[in-house]
Amino acid sequence: MPTSSEEDVAPPPGAAPPRLLALAAFRFPHGDAMSNRLLQLARAATPPGTPTLVVNDWPADGTRPPADPPLPPGVRLISIGGGAHGPLTRWLRWRARPLRMLAALRRAGVRPRDLTGVYLPLSLWNLTTWAVLRSATRCRVTVDVLERHDPEQFPRGRLAPYFLRHRWGLFLAGRLADRVIAVSETIAGHFVRRGRPTLVVPPQVDLAEHPAPAPPPIAEGVRLLYAGSAGPKDLLSVVLAGMRGLPRAERDRVRLVIAGFDRDRAASLSDLDEGLLTELADRVTFLGRVPRDRVLEELRRSHFSVLVRPLAGYAQAGFPSKVPESLAAGCPVLLNSTSDLGRYVVDGREGLVLAGPTADDVRDGLVRALALDDAAWWAMSRAARERAGSFDYRLWAPVVSAFVAGPGSTADGAPASSASAASSSGVSR
């Protein structure tokens with residue numbers, strides 16, 4: 001379905017009225033992991049027979065939202081914002097975001113009181129947004145929580161403005177959100193202890209969009225892929241140090257492809273240092289920022305998607321979307337187990353699980369990967385694809401839709417609940 005701008009928000013002729021509203025402020029629908037999360041969650045939460053309406057406040061970075069982005073059936077989109085704005089204008093637009101979103105709804109002919117549910121990510125959640133949405137829609141507001149930051153992640157620690165906003169958002173969600181969707185059991189526990197009805201929903205995928213894997217023979221060498229914006233949360237320097245620890249003959253059989261940023265920005269966007277990059281320059285390829293189609297193609301051509309994270313609180317709370325995407329592509333993962341990943345990735349079946357997050361652990365994992373033959377790798381690939389069914393949005397649709405848009409509210413004393421991350425069957429908490 002076509003998107004709508006602020007000037008043209010009329011619904012398609014004969015379109016069913018939306019029952020569910022999703023709010024975003026990303027390069028939606030395929031700009032980053034947050035956009036992918038919201039898109040698949042919108043598909044899972046869409047009530048049967050009615051569309052979900054996404055109102056997206058496009059980032060004020062000088063770009064404009066695409067005129068006709070590809071959207072699945074059941075999802076309508078209104079894009080507002082975009083373009084370039086000065087700091088004061090951006091701040092004012094940010095403060096007025098919930099009012100601008102409601103105005104876009106009205107221009108589209110959608111009456112807020114006709115909605116049966118609203119959901120939004122924690123990054124958009126604040127006291128003003130809660131008050132405006134509750135008073136305008138009179139329906140449940142569900143907050144999707146994907147991370148829980150630690151002060152150690154920021155140079156100024158607990159005084160970092162972003163950290164303060166994040167923790168304030170968690171505080172408000174734990175007391176004001178009608179329902180909470182948590183990406184992991186660790187995050188869910190935080191809200192269940194505060195009496196919030198909580199549903200655990202890991203990152204979701206659409207299995208149908210992933211073609212069959214087609215890597216080169218593994219005897220020719222192991223092809224690793226890292227896709228995303230690394231930052232300090234993903235230990236790419238440890239991956240390179242593990243590669244360097246291999247004997248030269250073995251090292252020459254390993255290649256790492258990095259999609260998401262280019263070589264010139266590696267030092268500023270990740271923990272990679274110039275010495276390692278120079279030493280392994282012939283073993284590392286940077287693709288820069290590439291469209292999603294290219295990422296999917298790189299996944300199907302790789303032997304392993306690589307992900308190493310520290311044993312820190314934020315790593316235990318989050319759930320890397322790279323893992324379900326890799327499994328859906330039939331690309332096994334080379335990782336250390338954090339968060340809920342142990343439920344989905346068994347060593348030697350869906351991937352190779354490292355003993356820990358050190359360079360020696362990565363080196364040992366690469367030795368095991370280099371020892372595989374094609375038959376063993378293809379068995380792992382098939383197991384990965386089969387496991388990815390646990391993340392397909394279709395499996396989650398009944399429970400997510402009932403949770404976000406179904407009858408009832410927190411005011412009726414409904415118990416907090418969760419869905420098993422492995423099966424999506426509801427269990428009482």
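Two strands count as paired if DSSP finds at least two bridges between them; helices (H or I, at least four residues) and strands (E, at least two) are DSSP runs, numbered from the N terminus. This is a predicted model, in which local features need pLDDT of at least 70, side-chain atom pairs count only at pLDDT 80 or more, and totals for chains, interfaces and linings use all residues. Residues are numbered from 1 along each chain as its sequence is written, and side-chain values use heavy atoms, leaving out hydrogens and water.

Start with the open sheet: 7 strands in the order 3-2-1-4-5-6-7, paired in parallel. Strand 3 (75-81) and strand 7 (198-200) are its edges, each pairing on one side only.

Select residues 20-24 and 52-58 next: these are strand 1 and strand 2, joined in the parallel sense over 5 bridges. Opposite Leu20 is Thr52 in strand 2.

Go to Arg179, whose charged end sits over the ring of Phe403, 5.2 Å from its centre. The criterion is NZ of Lys or CZ of Arg within 6 Å of the ring centre and within 35 degrees of the ring normal.

Finally, select Phe154, Tyr162 and Phe163, a cluster linked by ring pairs. Rings of Phe, Tyr and Trp (its six-membered ring) pair if their centres lie within 6.5 Å; planes under 30 degrees apart count as stacked, over 60 as edge-to-face and the rest as tilted.
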